[in-house]
Every structure is written in structure tokens, then in C-alpha cells.
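Dear colleague,

My notes on it follow directly after.

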Amino acid sequence: MTIELQQLTKQFGQLTAVDAIDLEVGDGEVLCLLGPSGCGKTTTLRMIAGLEWATGGEIKLAGRVVNHLAARERNVAMSFQFYALYPSLSVAENLAYPLYAEGLSGAQIKHKVAQVARVLQLDSILNRLPGQLAEGEKQRVAVGRSIIREPNCFLFDEPLSRLDVTLREEMRGEIKEVLQGLKRATVIVTHDQLEALTMADRIAVMRAGVIEQVASPHDIFQMPENLFVAGFIGTPGMNLVSATLTDFGQNNVGTFAVEGGQTLTIAVDPAVGRLERGARVTLGIRPRNLEIVHESVADGLSSVIDMIEPMGAETLAHLNDGMHDIRVVTDWRAPLEEGDHVHVRFLPGVTHVFDAHEQAVRS
Ligand code: ATP
């Protein structure tokens, strides 16, 4: 079953929380809504669930408009976190709980519990209490409880936000596996990019009620369509350098006058050749795509090392070219000293160029 949003809008008085968004979640697809606090993720999810009325646009589930249906008529499972098990009930009873209100016979309930337990591999722990379970098992029981009524699709709001960091890491992989097994359209709201990058088939990045880009985790990271997505995804964040295109020649080599006075000559996307000479651009490069060298190079900027932050296997160096803070991730063995005058070289083929409208210039 698919979820389709067409021009979906929510206004709270003067405030447009969700602004005419279009989005489609395919059957069996896991889509993460990712964005900063207040961008409209939860409101979007609540409109799909029927907990909030849309003020404009359409919500279609399996091709049918459901705007007018109440939450319980939509057969959508919405959960706010994966952990909310009743501690005094066994795994089997926790799983069966949502069915008690449905008027099913004892035999029918037993059958459904067995079915879900099989899918989620809970057969051997059905008689245990939540306190006796490993964290991963608890998670699977909680998922089991939201799927036992066989909803058409799943909606999760910040499902891992209450977990500590170690557990979150463990759960991300596990949940992905479980969700893939369910073969239902699933929407997960998160503000945690790692969660989105690891769990989603596709990510929709939102800002101020608008969807900025929808793409696979790989494409969101490697091919951000605009400056916002580029800066939002990736830790440490992408370096952004203001510049003017002064020349473009053979092998797609562009020459840029970087704000602050230096000149940078690097190969970029062929589409950059279509920009006017003198066009203002922003160059974007990820901290792992820069190299610190000691001699001056045409494809680099001379800078001073401001600060060195050890990160275990890698070192994060903050450099300054006089105008920009430039972050470089290097091997921990690199002999760097704060105050050193160095050059930071842009590795070939990995510089993004954004135009004056903050859109990626790409062929
Ligand atoms: P967060 O991660 O902080 O929950 P979010 O992306 O989920 O953020 P929403 O909760 O959807 O954002 O909120 C979007 C905007 O709508 C915010 O400016 C919020 O203050 C506003 N908003 C949400 N619910 C209401 C409401 N019931 N009445 C008025 N304004 C609301």
C-alpha cells in the first residue's frame, strides 16, 4: 500500500507549518522525514495518521483519499517510540494487547500472536517479561505490537530518541531489518541524520514546511541539490566557500576568485561552464575530501591551522584561509601543529558548486 501526499498543507492560524508538499512512499518503502526542529515533520506525520486535519491538499492511502477519515478508520499504525511495553505482561500478552478491543476469539488472538512472533523471531521468548529481555528483543516486541493489527502503513515519530547512544547504534541496524521484512509503506520522523542515513530507503529533507530534496541516502549525501541540504547532511559539515567564477576551460577546470583574495583552480561539473564569468557561487567540499600539503598548489588554498581536535582514528583540523573556517579530517598520524602555515588541497572531482540561488550546478 502506498502513501501519497499532494500539495499537503497545514496552517495553524498565520503559521504555515507544512507548505504544499508532494511526496509518495512506495509499497514496502521506508522513508525518513529529516529536518531541523520545527520544520513540520511531526505535523506531516500526524496528518497522515489522522491526528491533525489538513488545511489543504490531499492524503491518499492505497490510492484512496482519506482526508475526511478519522484516525481509527485509516488503519495506520503510529508509534512515538519503540519502547512502551507493559512490564507486568509477558511478551505474548504485550503482543496481544492491541487485539483485546477488537472482539476476536482467544484462538484467533493466539494465531495472530504466533504469526507475528514467527516474523519477528520471538517464538522462544513469548513467556518472558520485558524486564528479562535484551534491548533488541524489547524493540522487536514493541514493533510486533504495532504491527499485530495488520495496519496498512507504519508511522514512527523519533523512535529512537529516548535510547542512549550505544543502544541507538545497535537498534538502527536491527530496525532497518525488521522494517524491511514488514513490506509496508513506512514513514519515520527524525532530526538525527545518522538515523535517517542508516534506516531509510529514501530521505525527504524538510526545512520550514517545505521539502528541499527527496532521494536515497547515497544521493542526499553525494548529490545535495541545494546549499541547505549540503550543509545539513554530514558530520563534520560540508565546507562552504564563497567565490566568483573567473574562467572555465578544458577538462572542466574552473578558476575561482575566492572571497579573501586567493585563486583556486579545480575540475568541477561540466554544467559550471554554462555560468557567466563573474557569477557568484559557493564551493562545497566535505572535510574528508581535503588534503593538507606543505607546498603551494593551484588546486588549494593557503591557510593556518587554528585548532586540532583528535577524534580517535582521525583528526579534525580547523584551518583558516583568512575568510573561512575550513574543516579537514585527516589520519591521526598526520604531523600537524596549531599555528602551522599549510595548504589545503581540494581532491579532484568532489567539489560541489552552488549558484547564487543556492542550487547545485550539475549536469
Ligand atoms: P520537532 O522535531 O521539534 O518536533 P517538527 O519538525 O516535528 O519539529 P512540528 O512539530 O511539525 O515540527 O511543528 C512545525 C511548526 O508548527 C512549528 O513552528 C510548531 O511550533 C508549529 N505547531 C505545531 N503544532 C502546533 C499547534 N498545535 N498549534 C500551533 N502551532 C503548532
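In these notes, a residue is called buried under 20% relative accessible area, exposed over 50%, and partly exposed in between, with a 1.4 Å probe and protein chains only. The model is predicted, so that local features need pLDDT of at least 70 and side-chain atom pairs count only at pLDDT 80 or more, while totals for chains, interfaces and linings use all residues. Residues are numbered from 1 along each chain as its sequence is written, and side-chain values use heavy atoms, with hydrogens and water left out.

Overall architecture

The protein has nine helices and 20 strands; helices (H or I, at least four residues) and strands (E, at least two) are DSSP runs, numbered from the N terminus. Along the principal axes, its C-alpha atoms fill a box of roughly 80 × 45 × 35 Å. Of its 363 residues, 49% are buried. Taking contact to mean heavy atoms within 4.5 Å, 66% of the contacts between residues at least 6 apart in sequence join residues at least 24 apart.

Aromatic rings

Rings of Phe, Tyr and Trp (its six-membered ring) are paired if their centres lie within 6.5 Å; planes under 30 degrees apart count as stacked, over 60 as edge-to-face and the rest as tilted. The structure contains four such pairs. One of them joins Tyr97 and Tyr100 edge-to-face, at 5.9 Å centre to centre and 65° between the planes. Tyr97 is partly exposed because its relative accessibility is 38%, and Tyr100 is likewise partly exposed, at 47%. Another pair, Phe154 and Phe156, is stacked, with 6.2 Å centre to centre and 10° between the planes. Both Phe154 and Phe156 are buried. Tyr97 and Tyr100 also belong, together with Tyr86, to one aromatic cluster.

A charge over a ring also deserves mention. The charged end of Arg286 sits over the ring of Phe221, 3.9 Å from its centre; the criterion is NZ of Lys or CZ of Arg within 6 Å of the ring centre and within 35 degrees of the ring normal.

The surroundings of Leu89

Where is Leu89 found? Leu89 lies in the loop between β6 (76-79) and α3 (91-96). Leu89 counts as partly exposed because its relative accessibility is 22%. Leaving aside residues up to four places away in sequence, Leu89 touches Asn94, Tyr97, Arg128, Leu129 and Pro130. From Leu89 to Asn127 the C-alpha to C-alpha distance is 9.0 Å, although the two are 38 residues apart in sequence.

With kind regards
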